[in-house]
Amino acid sequence: MSFLHPEFLYYMLPPLFILFFILLRQKESEAHFFSKEVMDKLRVSANTLSIRARNALFFLMGFFIIIALAQPVIDDGKVLVKAKSSDIMIAFDISDSMLAEDVYPNRLNLAKQKALTLLKYSTNQRVGLMAFAKNSYLVSPLSFDTKAVSFLLTQLDTTSITEKGTDFFSILETFALSSKSKMQKYLLILSDGGDADDFSDEISFAKENNIVVFVLAIGTSKGAPIKLRDGTFIKHNGDILVSRLNENIADLAVKTGGVYIANTTSNRDIMTMLKEIKSISSTKELKSEEIHKYIPLFYYPLAMSLLLLLIATSSIGRKINNSSASGLALLFFMLASIDARAGLMDFMQLRDAKKAYEKGDYKKSASIYEEYANKSQDPHSYFNAGNAFYKQKKYKEAVKLYEKVIFQKDKYKAMKFANLGNAHAKQGKQDNLEKAKKYYEQSLKLVEDDNIKKNLEEVKKRIKKKKEEAQEGGDKEGKKEDKDGNEKMNKKDKNGDKDSKEKDKNKKDEDSSKSKDSKDKKQKSDDMKNKEEKDSQKEQNDKAKQEEREKQKLDKLEKDKDKKDDKSSGKAQNTSKSKMSDAEEAKWLNEINLQKNTYMYKLNKEKPNEARDNEKPW
């Protein structure tokens, strides 16, 4: 037994002993005025505790409280704790098209609700956040602090970025720059898909940088106009634009190994997406640490001090009969061993599991051992449960339980690897035999055992035999294909002579009928040619007349423009000074973006603001 906080013993026990010594030296106030003989005659025998007895009880009570504060424990060995996580980066679309109200309340707010739900249930994953439109920005790096990421997410809006558009390549580029790890990276995009038809460049870039893309599509195929905050709608060439869900973005998710899910009114879509991410993504170990496991004992001295307090503050006499003493003892054990009774029940539970195993009732034994192991995380219980499943010939379940076992001693580790090898060897498949070989070798590295060596040799023979059977099977299939091919060729040669004779007869009949039809067709074709030549001459004359009319109209329009330009030349000189060129306007917008206070960081290179032919102004 040891104490986690022994400083309480060093600094509190000596003052307690000094205080008790002072209390023992004190006398009752009446003793200063009367002798002991007089006090014995005057005092009525109430059969109660004396002052010294009560002080002694208070001293013991203080002693046990200090012991409880020092936290007595029993060392239960070391446990290896590993922190694992599958990192997820959320890419949030904040382009103007996300203001469309084809979903309630609009695409932007619905996407926020979905992302916040994902953050709420991603307690064991590191989650980061990016925002994108024409360019992409890192809002939050990967972090376990989902509350901080949620706060940053709620602050995102379409006004956070002034440059409009949707560029998915910039998302992938920014994500690749934010994480230089060569392992697989996972990106969840919440967007309406933009307006691109082909994502081949994005797919190839994602594959080169080991990025798996998941897409939660926000919007509907019917679409809706984009309503701005001032109540107006975005127009293009005078027409109100309707933004629709671009389902072509599904290729970006599926072809990179991810999942594409369309949004629903409930949270079922985002919960399904979270399950898919967890199933596809591989967790990586971030940190591992060995910690001591202790069995606490503080409740025993604490219960004892409470019992002494009850006795010291009650009217219990100095003469206590046997029945009351036994009652007090029973009360003490009930208060001091609440967890001890739980331990007793655990012992009975393990005893039942052991008896069931010895009797051959492996199903009952496995269920009891597994239930206790899940509750207590006891490695021996997991091991025994695996043995019970192995006896039932449920080898897959046995493997799962053996893998949960964490032993510290080499002897028990060797037993675990040996049993894993046996469970895989019993399944008999090529993959299982390879795993059995690996586990047998690991067991022999820790502890030499002749039986395990024999099992290893047997598994090696079976692996070799499986490979030979696979090769022989391939050769047999090749020979069968050659035989079938030769037989088919022979049949074709035999049937070929018969078919050729029949074809010669049919050709003669066809030639006679074709000669008659050709004469009739020649006459008809000559008549058609004459008609077509007449029609073409008429069309050429009509086209020439139309061209002359159009030239005359253009000449008149040019003359009118020249007159107007002469009149407005003076006005144009004055107005040209107040207007700003497109290049100057782009520079000022860039300066505004740089000077704006923001928590978003651009990692990718600046791209020229050249609009694509099919790009929409959102």
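Both R107 and D192 are buried, where buried stands for under 20% relative accessible area, exposed for over 50% and partly exposed for the range in between (1.4 Å probe, protein chains only). The side chains of these two residues, R107 and D192, meet in a salt bridge with N and O 2.8 Å apart, and the pair joins distant parts of the chain, 85 residues apart. This is a predicted model, in which local features need pLDDT of at least 70 and side-chain atom pairs count only at pLDDT 80 or more, while totals for chains, interfaces and linings use all residues. Residues are numbered from 1 along each chain as its sequence is written, and side-chain values use heavy atoms, with hydrogens and water left out.

**Salt bridges**

- Six salt bridges are found in a search of the whole structure, each being a side-chain nitrogen of Lys or Arg within 4 Å of a carboxyl oxygen of Asp or Glu.
- R107 also meets D102 in a salt bridge, at 2.8 Å from N to O, and both D102 and R107 are buried.
- R107 belongs to helix α4, whereas D192 sits in the loop between β6 (185-191) and α7 (200-208); helices (H or I, at least four residues) and strands (E, at least two) are DSSP runs numbered from the N terminus.
- Together, D102, R107 and D192 are linked in a network of salt bridges.
- D87 forms a salt bridge with R126, the closest N and O atoms being 2.8 Å apart.
- This pair likewise links distant parts of the chain, with D87 in the loop between β2 (72-85) and β3 (88-93) and R126 in the loop between α4 (107-121) and β4 (127-132), 39 residues apart.
- D87 counts as buried because its relative accessibility is 10%.

**Charged surface patches**

- A patch of negative charge on the surface gathers D197, D198, D201 and D251; patches are made of residues with over 30% relative accessible area and no salt bridge, like charges being joined within 9 Å and nonpolar side chains (Val, Leu, Ile, Met, Phe, Trp, Tyr) within 5 Å.
- A patch of positive charge on the surface is made up of K393, K426, R462, K465 and K466, and its largest share, three residues, comes from helix α18 (residues 450-578).
- K393 lies in the loop between α14 (379-391) and α15 (395-403), and K393 is exposed, with a relative accessible area of 64%.

**Aromatic pairs**

- The whole structure holds 14 aromatic pairs, counted where rings of Phe, Tyr and Trp (its six-membered ring) have centres within 6.5 Å, with planes under 30 degrees apart taken as stacked, over 60 as edge-to-face and the rest as tilted.
- F63 and F64 form an edge-to-face pair, 5.7 Å centre to centre with 70 degrees between the planes; F63 is partly exposed at 25% relative accessibility, and F64 is partly exposed with a relative accessible area of 22%.
- The pair of F383 and F407 is edge-to-face because the ring centres are 5.8 Å apart and the planes stand at 65 degrees.
- This pair links distant parts of the chain, 24 residues apart, with F383 in helix α14 and F407 in the loop between α15 and α16 (410-427).
- F383 is buried, with a relative accessible area of 9%, and F407 counts as buried at 8% relative accessibility.
- Ring pairs link F383, Y402, F407 and Y412 into a cluster.

Terms used
Areas by Shrake-Rupley, 256 points an atom, 1.4 Å probe, with all protein chains shown as cover. Lys, Arg positive; Asp, Glu negative; His and termini not counted. Charge placed at Lys NZ, Arg CZ, Asp CG, Glu CD.
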